[in-house]
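Dear colleague,

Please find the structure below, together with its sequence.

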Protein chains: 2
Amino acid sequence: MTAPSPLTAHLGYWLRLVSNHVSARFAERLDRLGITVAEWVALRLLFDADSLPPSQLAARMGLTRGAVTKLADRLRARGLLARSADADDGRGVRLALTEAGRALVPALAEAADRNEAEAFAALSAEDRALLHGLLTRIATRQGLTAPPLA
Amino acid sequence: MTAPSPLTAHLGYWLRLVSNHVSARFAERLDRLGITVAEWVALRLLFDADSLPPSQLAARMGLTRGAVTKLADRLRARGLLARSADADDGRGVRLALTEAGRALVPALAEAADRNEAEAFAALSAEDRALLHGLLTRIATRQGLTAPPLA
DNA sequence: TCGATATAGTTTCCATGGAAACCAAAAGGC
DNA sequence: GCCTTTTGGTTTCCATGGAAACTATATCGA
């Protein structure tokens, strides 16, 4: 009958602590540009993909389709994203960046770069590589090259 | 003029991906016991502290006081937590576990232990220690032995 | 001691995201 | 070719948590 594990006994606790902090700081930076973290992820994915159905975006972001509908509405209202009907599928929709959306991405990426540098300043380049290796090892073992959902 | 960094270029991305996944899996486990992750954290902190003012709990959990008020209400409604007036400060409140709340903590801690084992199964004991070291190094550098808030 | 200020807690309002119900179109079985 | 089932997307409802306003008490300075 040992004492119940304290919070700090779990790697999961530290992972969450650091991750939340890094994301919160990143959110602050993005906020200055009027963008949320989720919006950044969507914009960056669409930057490469050119156009995606909401379901694809949802899968890659680890969100539900419902959440993506709403996210897309917000981005569309600000003129950063356009929605068009899928030519082949009467139900389908394609999401794509507008010119304004595309033009915004580099600045956001720079914010991400700066955040990254600041967040992991405590680690040497080798240690950062080490951390990267450990995290990706867990990720692949858990089968998540993509979604943290369910 | 290089291309904007892809999401996967940032450690922060992997950190968030893995952290969210681990927390989501943990949330599933706790859900079977009718508890959320935030509730677990509160219960575990109160288990050691015996009694805390809401502001203290908020600080240690990285939540606002408003959020703690509501969290405490939920736990109180389920008979896991009791609220009492502070003897010395007319404004103050003390939160403490009920017997039922206290009795629940060991089972929750075991769920946390099992989650931990499953989540980091990809890593050897040495690698887990390594990861722990890297994360705590970042945490202390960022001044967060406690709150991811602000 | 009284008035100004600070502090503890709560409440209200808002934003985000999940779950599930729902609708329309496509695909499959016969 | 129909009827059932599946799939893509949206909508509705709910839960959680932050921000800011608000209340009550305590503290500080003159």
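**Contacts with DNA strand D**

In this predicted model, a polar side-chain atom of Arg65(A) lies 2.6 Å from a base nitrogen of DNA strand D, a polar contact being a pair of N or O atoms within 3.5 Å; within protein, one must be able to donate a hydrogen and the other to accept it, and residues adjacent in sequence count only if both atoms are side-chain atoms. The phosphates of DNA strand D are also approached: one phosphate oxygen is 2.8 Å from an N or O atom in the side chain of Thr69(A), and a polar side-chain atom of Arg74(B) lies 3.1 Å from a phosphate oxygen.

There are 22 residues around DNA strand D, of which Ser55(A), Arg65(A), Arg83(A), Arg91(A) and Gly90(B) come nearest; a residue is near a strand if one of its heavy atoms lies within 4 Å of it. Of the atoms of DNA strand D that come within 4 Å of the protein, sugar and phosphate account for 60%.

Helix H3 (54-61) and helix H4 (65-77) of chain A, and helix H4 (65-77) of chain B, each supply at least two residues of the surface near DNA strand D. Helices are DSSP runs (H or I, at least four residues), numbered from the N terminus. H4(A) gives the most, with four residues. By class, this surface has seven nonpolar, seven polar and eight charged residues, where Ala, Val, Leu, Ile, Met, Phe, Trp, Tyr, Cys and Pro count as nonpolar, Asp, Glu, Lys and Arg as charged, and the others, Gly among them, as polar.

**Contacts with DNA strand C**

DNA strand C is surrounded by 22 residues, the closest being Gly90(A), Ser55(B), Arg65(B), Arg83(B) and Arg91(B). For Arg74(A), a side-chain N or O atom is 3.1 Å from a phosphate oxygen of DNA strand C. H4(B) provides the largest share of the surface near DNA strand C, four residues.

**The interface of chains A and B**

In chain B, 58 residues are in contact with 58 residues of chain A (contact means heavy atoms within 4.5 Å). The two chains bury about 5600 Å² between them, 70% of it on carbon and sulfur atoms; buried area is the accessible area (1.4 Å probe) that two parts lose on being put together, summed over both.

Two salt bridges are found across this interface, a salt bridge being a side-chain nitrogen of Lys or Arg within 4 Å of a carboxyl oxygen of Asp or Glu. Arg137(A) forms a salt bridge with Asp127(B), with the closest N and O atoms 3.0 Å apart. From H1(B) comes the largest share of the side of chain B that touches chain A, 15 residues. That side divides into 36 nonpolar, twelve polar and ten charged residues.

Chain B can be laid on chain A with an RMSD of 0.0 Å by a turn of 180° and a shift of 0.0 Å along the axis, superposed by least squares on the C-alpha atoms of residues with pLDDT of at least 70 in both. That is the relation of a two-fold axis. Of the interface residues of chain B, 100% are also interface residues in chain A, so the copies meet through the same surface.

**Conventions**

Residues are numbered from 1 along each chain as its sequence is written, while chains are lettered from A and ligands numbered from 1 in the order in which they are written. As the model is predicted, local features need pLDDT of at least 70, side-chain atom pairs count only at pLDDT 80 or more, and totals for chains, interfaces and linings use all residues; side-chain values use heavy atoms, with hydrogens and water left out.

Yours sincerely
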